[in-house]
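Good morning, and thank you for coming.

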Amino acid sequence: MADTPKEGKLTRFLDFTQLIDLASECVGGKVLFATDDFFGPAENLIKSDSPSFKEHEYTEFGKWVDGWETRRKRIPGHDWCVIQLGIQGIIRGIDVDISYFSGNHAPRMSIQAANLSEEDTMSNIPPRGVRMGTAATPEEFEAVTELKSHSWDYLVPMSELKLGDPDSSHNYYFVNSQQRWTHIRLNIFPDGGVARLRVYGTGQRDWAALDSTEPVDLVAIAFGGVCVGFSNAHFGHPNNMIGVGEPKSIADGWETARRLDRPPVLEGSENGLLLVPGCEWAVFRLAHPGVITQIEIDTKYFKGNCPNSCKVDGCILTTLEEEDMIRHNWNLPAHKWKSLLPVTKLIPNQNHLLDSLTLELQDVITHARITIAPDGGVSRLRLKGFPSSICLLRPLREKPLPRFSLKAGFRANL
């Protein structure tokens, strides 16, 4: 995610900084090789937090840096590193952040990428271990040669890196590629430092290899799910809810500001729901169109700021219709939304496992909306079900919607 998402800012297709960082350590990104790690190891590039600066901090090798910094090169060549993406997918844009590297930043860089199979990556690259003060050994160079990274496709050609504010020097590059990538190579010319490398994009799954007998999380960010609109993201972006693995803290979720239109004195109904006028919402495009049969809403870590209630709705839209909805702040007619989960009371710090109303509706959806009232935070949203064969690029009038046959054994409990 972007380090500081702006409140009310919509996630547009080209606004790639609101997408997932495919290389981040928090989603399993891994540095396989670096030519040199003298002042700072390449692992710093994929830290999930923003870079920091310690004015009077030094190590035995020199000034403490929160990034990858190589020694001043005194031999022919240039420095580079190879990163295995934690989430394999389509790269939309790249941020090469050189914050706090005034006087030591890499003057130029380029980005290469490859789509490698597991067999391709079975090279004998030794584990990295502690790297500060070291350079790659001849054995490590020989092992990484098997990847042939020098011949990978270029996503960003050699480009100048420009310093901005000392504490916020981002260099953004749009990537125009529809290919799936698994590894990237960052080249710096000839040496120097880079604080962070963000590889923004969307996951992509091989749906043909899916086990059709078990429900799958159709909104998972690792498979290609993405937030395409939201009302408020003051403390955390909605994309966090569809992130990889279990939530790690309250920062690893979607959290809104407190609504200012709350009544001075709150009142509730007999079933424990608050009688409040406002709500917050987030809309997601599913990784694959399908039928949702199970819904998981986790409020872990949200103990004093859990929403009072939530509901989930679904709809089906073409790509053009989605773009129109983004322009109109998702003001979709009410009859277009179909209920997947009615208004449901939420419990703080609790994982809620619920059956969807899809058993009655039997409808394929492409987009889902979660609405919380009046405000608060949710750590994880999982929409499990079965993908359909509908194509988003084909206008609906050219192909009728398929009906989906559900397995016996599922039942609605709401």
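**Aromatic pairs and the interior**

Let us begin with Tyr 200, which is buried, as its relative accessible area is 3%; buried means under 20%, exposed over 50%, and partly exposed in between, with a 1.4 Å probe and protein chains only. Before I continue, please note that this is a predicted model, in which local features need pLDDT of at least 70 and side-chain atom pairs count only at pLDDT 80 or more, while totals for chains, interfaces and linings use all residues. Residues are numbered from 1 along each chain as its sequence is written, and side-chain values use heavy atoms, with hydrogens and water left out.

Which kind of aromatic pair do Phe 16 and Tyr 200 form? The pair is tilted, with 6.1 Å centre to centre and 40° between the planes. Rings of Phe, Tyr and Trp (its six-membered ring) pair if their centres lie within 6.5 Å; planes under 30 degrees apart are stacked, over 60 edge-to-face, and the rest tilted. Phe 16 lies in the segment before β1 (20-21) and Tyr 200 in strand β12 (residues 196-203), so the pair ties together parts that are 184 residues apart in sequence. Strands (E, at least two residues) and helices (H or I, at least four) are DSSP runs, numbered from the N terminus. Phe 16 also counts as buried, at 9% relative accessibility. Together with Tyr 172, Phe 16 and Tyr 200 form one aromatic cluster.

I turn next to Trp 80. The charged end of Arg 185 sits over the ring of Trp 80, 3.7 Å from its centre; for this, NZ of Lys or CZ of Arg must be within 6 Å of the ring centre and within 35 degrees of the ring normal.

Arg 185 is also one of the residues that Gln 112 touches, contact meaning heavy atoms within 4.5 Å. Gln 112 is found in strand β7 (residues 108-114) and is buried, with a relative accessible area of 1%. The C-alpha atoms of Gln 112 and Leu 155 are separated by 5.5 Å, although these residues are 43 apart along the chain.

Finally, the nonpolar core, which is a set of buried Ala, Val, Leu, Ile, Met, Phe, Trp, Tyr and Cys residues joined through side-chain atoms within 4.5 Å. How many residues has the largest one? The largest nonpolar core has 67 residues, and Ile 370 is among those with the most contacts inside it. Strand β6 (residues 79-97) gives the most to this core, with seven residues.

Key:
Lists of a residue's contacts leave out its neighbours within four places in sequence.
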